[in-house]
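Try each task yourself before reading the solution.

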Amino acid sequence: MSQSYNRGLIEDFSRWREFSAGMWAWIFHKFTGWVLVGYLFTHIAVLSTAIPAAGQEAAVLQAGDDVYTQTIVTLEELLLVRILEVGLLAVAVFHILNGTRLLLVDLGIGLESQDKSFYASLILTGAITVASVPTFIAGAF
Amino acid sequence: MSTQVPEQPEESTESAAETETQIPSKGDARREEKRRRAAERRAQKQAEEAERAAADEDTIELKVFRYDPEVEGKQEPRFDTFHVPFTKGMTVLDALMYARDTYDSSLTFRHSCRQAICGSDAMFVNGSQKLACKTQISELQEPIRVEPLPHAEVTKDLVIEMEHFYEQMHAVEPYFQTNELPDGELEEQRQSRENREKIKMSTRCIWCSACMSSCNIAAGDNEYLGPAAINKAYRFAMDEREGEDIKQKRLEIIEQEHGVWRCQTQFSCTEVCPKDIPLTEHIQELKREAVKNNLKFW
């Protein structure tokens, strides 16, 4: 940061205090992107512990006694995991919608309404997340 | 009165040095006394003015960033509050000028044309980059906070160092070049109406550096050309009169590592631009041009 200027004492002055829509969109997109990357690695790590299930007999799998089913059932029993799943959906939906928005921006379509499309993707994300709550939380309490 | 020699500012230091060695004459003492009284009167008048303004209902409160690295005691950045009587149609620049002329002549800021053409007075007003002469006081919330543009070295008060911005502007060669001249010695280089329309907005740049200051990326990456310079490149790259060769050269400049690809489409520049130039749109179009220029399917 700041290679050719040195504000010294006054570096902390005159920082942005008001973020515009585009800046929020950028920050949220970065944040959700990192969350998704983090989730992907955790996802692979957790599921790879259940690989031995592939070698098990059909009867065991049918009865749900294999490592894979056990892992999933244990995870889904945790309230925290249920709540995190809602969060994950919200993050993914926002990333998809804003990604589409950025695609349009890159194509030069609708640049005048970039802030409106950001607000729209926020509202849509909220709606989808709220609608998903019954499905994810059902039976958790 | 008639015998009094008019004071010459150029000679004042000289005469001051002379009087030190001389025995102060009666006239000198009188003049000294006169000056002292005048200063007193001025100070009193200023105080009265400030009091009256503060008491008056129709005044605005201006909080102005002050900093002067050359004067000890002013090196610590601070905010000074000025009460300026409001008049209809008053801009931030008008208020600053009133404050400077009435209360504190050391208040420093750049301004020239006062009609949003020279681009000297871009400032950070109430948390966003604004052209002071184009910003109506009535549209702002009080107290109005005036600071120098972020992400540049501050020289004094509201004056920032513009050298880096100018360097970036010059890096894109912001002048017309062509090697495609029309036949005939006196033939004009004509531009179609459509092409003129296309580059119209990009020609409006006044080099105020508000966009550069608002850009998150330019703040972190000093090599980034910045919105203004890329817009300048757009203005010439899209000008059909320059011809293919020069356009290739221009695309090479803007598609460098710290060229158009640094733009993250935050739209900050487009939002703060006092001339309403669609900067992001222009940057995006240059990105597409750069891609089209390099993609070969055969």
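Below are two exercises on this predicted model, each with a worked solution.

**Exercise 1.** Work out how domain 1 and domain 2 of chain B are laid out and what the domain 1 side of their contact is made of.

*Solution.* 
- Start with the bounds: the domain assignment puts 55-159 of chain B in domain 1, and 162-179 + 191-294 in domain 2.
- Next, the spacing: 29 Å separates the C-alpha centres of these two domains of chain B.
- Now count who touches whom: 13 residues of domain 1 of chain B meet 12 residues of domain 2 of chain B.

For background, chain B has 11 helices and 7 strands, and 33% of its 298 residues are buried.

**Exercise 2.** Decide how helix 1 and helix 5 of chain A are oriented to each other, and find the residues that make their contact.

*Solution.* 
- Take helix 1 (residues 21-48) and helix 5 (residues 114-137) of chain A: their axes sit 9 Å apart, at an angle of about 45 degrees.
- Angles from 65 to 115 degrees would be roughly perpendicular and those under 35 roughly parallel, so this pair in chain A is oblique.
- Check the handedness: helix 1 of chain A crosses helix 5 of chain A in a left-handed way.
- Then pick out the residues: helix 1 of chain A brings A:A21, A:G22 and A:A25, while helix 5 of chain A brings A:Q114, A:D115, A:F118 and A:Y119.
- By class, that helix contact in chain A comes to 4 nonpolar, 2 polar and 1 charged residues.

Conventions:
Residues numbered from 1 in each chain as written. Chains lettered and ligands numbered in written order. Predicted model: local features only at pLDDT ≥ 70, side-chain atom pairs only at ≥ 80, totals over all residues. Domains from an automatic or database assignment. Contact = placed C-beta atoms within 7 Å. Nonpolar A, V, L, I, M, F, W, Y, C, P; charged D, E, K, R; others polar. Helix = DSSP H or I, 4+ residues; strand = E, 2+ residues; numbered from the N terminus. Buried ≥ 20, exposed ≤ 12 C-beta atoms within 10 Å, placed from the backbone. Axes fitted to C-alpha atoms, helices over the stretch in contact; angles between N-to-C directions. Parallel < 35°, antiparallel > 145°, perpendicular 65-115°, else oblique. Left-handed = near helix turned anticlockwise from the far one by under 90°.
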